[in-house]
Amino acid sequence: MCRVNEILQRSFKMQKIHVSLQSSSYDILLAHNELAEMLKGYRESWRQYDQIVVIPDEHVWQLHEHYFREAMTMNGLENYLVKPIPAGESSKSIDVWEEVQTFLLQQNCNRNTLLVAFGGGACGDVVGFIAATFLRGVDYCQMPTTVLAHDSSVGGKTAINHSLGKNLLGAFHQPIAVLYDSSFFDTLSEKEFRSGFAELWKHAWLSDANWLQELEISVLQNSWRSIPWVAELTKGIQVKVSIVERDVFERHERKYLNFGHTFSHALEKGIGYSEISHGEAVAIGILFDLLISAEKGFIPHQLVKEKITFIHSLGYPLNKVSSVPFENYYELMVRDKKATKTGIQFVLLHTIGNPVVETIEKKLLLHAYHLFQQLIEEVAND
Ligand SMILES: NC(=O)c1ccc[n+]([C@@H]2O[C@H](COP(=O)([O-])OP(=O)(O)OC[C@H]3O[C@@H](n4cnc5c(N)ncnc54)[C@H](O)[C@@H]3O)[C@@H](O)[C@H]2O)c1
């Protein structure tokens, strides 16, 4: 990272957000290049565990093992096991889940064990689910290393994928802490920045028109690396935390956080997880939800076209939308875990910051799908 950018990122002092959930409350710490400092507040309590098992994404481990070990050592935390798991989405499988459980059992881990998820959202999701299910539940800490994981590491949704769909096996299990050091972003690819930005964009849509505008300008004016991440991610996390605190088990308001996710899950599954990143699909899903919102008369169609242009200019793979025929989307959306007896649920926007959950009938979905394709083509040819 260039010196100027390093200074800029460091200029934001450590942020602390408390998640208030009765007996499952915890803190989220955010800073740049300060993992050792963040660990300071935990070193005494972590020494009380019988075992600490670090479960890193193997790619992240290759890149950042040294920095991680140094931060642990500086805090006198030297006795821990390391069990790397495959990089990215492929780790969210029943096989990896079982392999790690077997490892923990073979190492005689007991209920007083701390697991540390060190990687992106996929690693956090699978380690969280392992923690939720090992010996009926052990503690875990999230150490996110991607922009997207500002979303996934907070709120305690853990999951692995089933051959019939994404995130179908899971549990609500809150971490004991989230230690988020944005210096890990130094090694992220442009695709991963793009992926993570989508969830941040989602948080802005759900909360505040001014922030949405500022965020979009910041992305257009800066390179991905020079966005003031600690400041922007703090805002995104605050939106998520305030919703989670009011509805931890997603019975009402937390459903809003699925904005963009009905269409995106079908797109990801329909073309294959290796063909598109989660966040790239989410950005496209948000556009689809905006389009339905416009069809319902809530927001102007012109706004949707502007946002398709914005997303296209950032290089999101909008051309992939047509790779999945409508009937396939429909079948996958019916099978989505958010679908109810009455039909497929979408999060729509009445206005920016005012989401609503609605069941959408097949006829409107088909119409919106064709319109979406047409608008994407128009924007690409502009
Ligand atoms: N639990 C939730 O509430 C929630 C919310 C949103 C998303 N998710 C889940 O999050 C997952 C996506 O997370 P993600 O976008 O972080 O992807 P990811 O964890 O799959 O990581 C993407 C790629 O980036 C690599 N990587 C991670 N950190 C890196 C770093 N610092 N430098 C270089 N490479 C790095 C990984 O090895 C992987 O190849 C999906 O499975 C999604 O379902 C969960």
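**Reading the spaces in a predicted model**

The lining of the largest cavity draws at least three residues from each of domain 1 (3–187) and domain 2 (190–381). The model discussed here is predicted.

Trainee: Which residues line the largest cavity?

Mentor: The lining includes Leu164, Gly165, Lys166 and Leu168. Also among the lining residues are His265, Ala266 and Lys269, together with Leu332, Arg335, Asp336 and Lys337. Strand S8 (165–172), helix H11 (261–271) and helix H14 (326–335) are the elements that give two or more residues to this lining. Sorted by class, the lining has 4 nonpolar, 2 polar and 5 charged residues.

Trainee: Let us turn to the ligand. Which residues come nearest to the ligand?

Mentor: There are 29 residues around the ligand, and Glu89, Gly121, Thr145, Thr146 and Thr187 come nearest. For Glu89, an N or O atom in the side chain is 2.6 Å from an oxygen atom of the ligand. Asp125 has a polar side-chain atom 2.9 Å from a nitrogen atom of the ligand. With Lys157, a backbone N or O atom lies 2.8 Å from a nitrogen atom of the ligand.

Trainee: How much of the accessible area of the ligand does the protein cover?

Mentor: On its own, the ligand has 860 Å² of accessible area, and the protein covers 90% of it.

Trainee: Which element supplies the largest share of the shell around the ligand?

Mentor: Helix H4 (58–74) does, with 4 residues. Helix H6 (121–133), helix H7 (149–152), S8 and helix H8 (190–207) also supply at least two residues each. By class, the shell has 7 nonpolar, 12 polar and 10 charged residues. Domain 1 (3–187) and domain 2 (190–381) each provide at least three residues of the shell.

Trainee: Where does the second largest pocket lie?

Mentor: This pocket lies between domain 1 (3–187) and domain 2 (190–381), because both give residues to its lining. Its volume is about 210 Å³. Among its lining residues are Ser20, Leu21, Gln22, Phe172, His173, Glu245, Val248 and Phe249. The lining of the second largest pocket has 4 nonpolar, 6 polar and 1 charged residues.

Note on methods. Residues numbered from 1 in each chain as written. Predicted model: local features only at pLDDT ≥ 70, side-chain atom pairs only at ≥ 80, totals over all residues. Heavy atoms only, no water. 1 Å grid on protein atoms, 1.4 Å probe; cavity = no way out; pocket = protein on both sides within 12 Å on 5 of 7 lines; lining within 4 Å. Nonpolar A, V, L, I, M, F, W, Y, C, P; charged D, E, K, R; others polar. Domains from an automatic or database assignment. Near = heavy atom within 4 Å. Polar contact = N/O pair within 3.5 Å; in protein donor to acceptor, adjacent residues only side chain to side chain. Areas by Shrake-Rupley, 256 points an atom, 1.4 Å probe, with all protein chains shown as cover. Points joined across faces, edges and corners; volume = space filled by probe spheres on them.
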